Amino acid sequence: MTDHPDPHPARSRLVLASSSPWRRQLLERLTSSFECHSPDIDETPHRDEPPEVLVARLARQKAEKTAIHHAGSIIVGSDQIALHDGSILGKPGHMDAAFDQLSRFSGQHVRFLTALTVIDAAGMARHHTEPFDVYFRHLTAEEINAYLARERPLDCAGSFRMEGLGITLFERLDGRDPNALIGLPLIALCRLLRESGMDPLLAMP
């Protein structure tokens, strides 16, 4: 008796290595068929570690730690940092720090780096880092206070939400994929998924 190949082989599961609701919403634009896993990693920068190296390392570590718990799955890890005057920006955490950040950005340029690591079902890792530049318009103290009161972006590096009222703060945006600013560059992700054997148009319901 001749064995016939299964015309519908089992598909690899897709796992997002993040607890971020914003990354989850972005990935839902491609598919509703994925799981989320929040890896616990140390995000402390290494001494003299360049920002590009830091963000790529954190994305890779998130994906690698998640892959331990999801063997045979396709893992998506991502991390983002914001840079201003050569300094890495943290999440403000409270309103005074958020006000200080936005006041400092008034009329200034901030660069965001969003790194991706995709680990395929065989364990091969692929990487990409997407830059995106934000140019703030000149902001008054009244405008900053009004924005913070309405959106309270205390868990966001840069003290704004691109997917919300943050768009009102900008003079212009410069980058290939505005999704990167929210936390998941979908253009690059689609390419890495195709290279990993999961075409978003063909294999992801």
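Predicted model: local features only at pLDDT ≥ 70, side-chain atom pairs only at ≥ 80, totals over all residues.
Local features need pLDDT of at least 70 and side-chain atom pairs count only at pLDDT 80 or more, while totals for chains, interfaces and linings use all residues. Residues are numbered from 1 along each chain as its sequence is written, and side-chain values use heavy atoms, with hydrogens and water left out.

The largest pocket comes out at about 780 Å³. Here a pocket is an open set of points on a 1 Å grid over the protein atoms alone, where a 1.4 Å probe fits, with protein on both sides within 12 Å along at least five of seven lines; lining residues have an atom within 4 Å of a point. The volume is the space filled by probe spheres set on the points, which are joined across faces, edges and corners. Of the 34 lining residues, Arg23, Asp79, Gln80, Lys91 and Asp155 sit closest to the centre.

Asp155 also turns up in a salt bridge with Arg161 (3.0 Å, N to O), the term meaning a side-chain nitrogen of Lys or Arg within 4 Å of a carboxyl oxygen of Asp or Glu. Arg161 counts as buried at 12% relative accessibility, whereas Asp155 is partly exposed at 42% (buried is under 20% relative accessible area, exposed over 50%, partly exposed in between, with a 1.4 Å probe and protein chains only).

By this rule there are 11 salt bridges. In another one, Arg176 pairs with Glu130, the closest N and O atoms being 2.9 Å apart. Arg176 is partly exposed at 48%, but Glu130 is buried at 3%.
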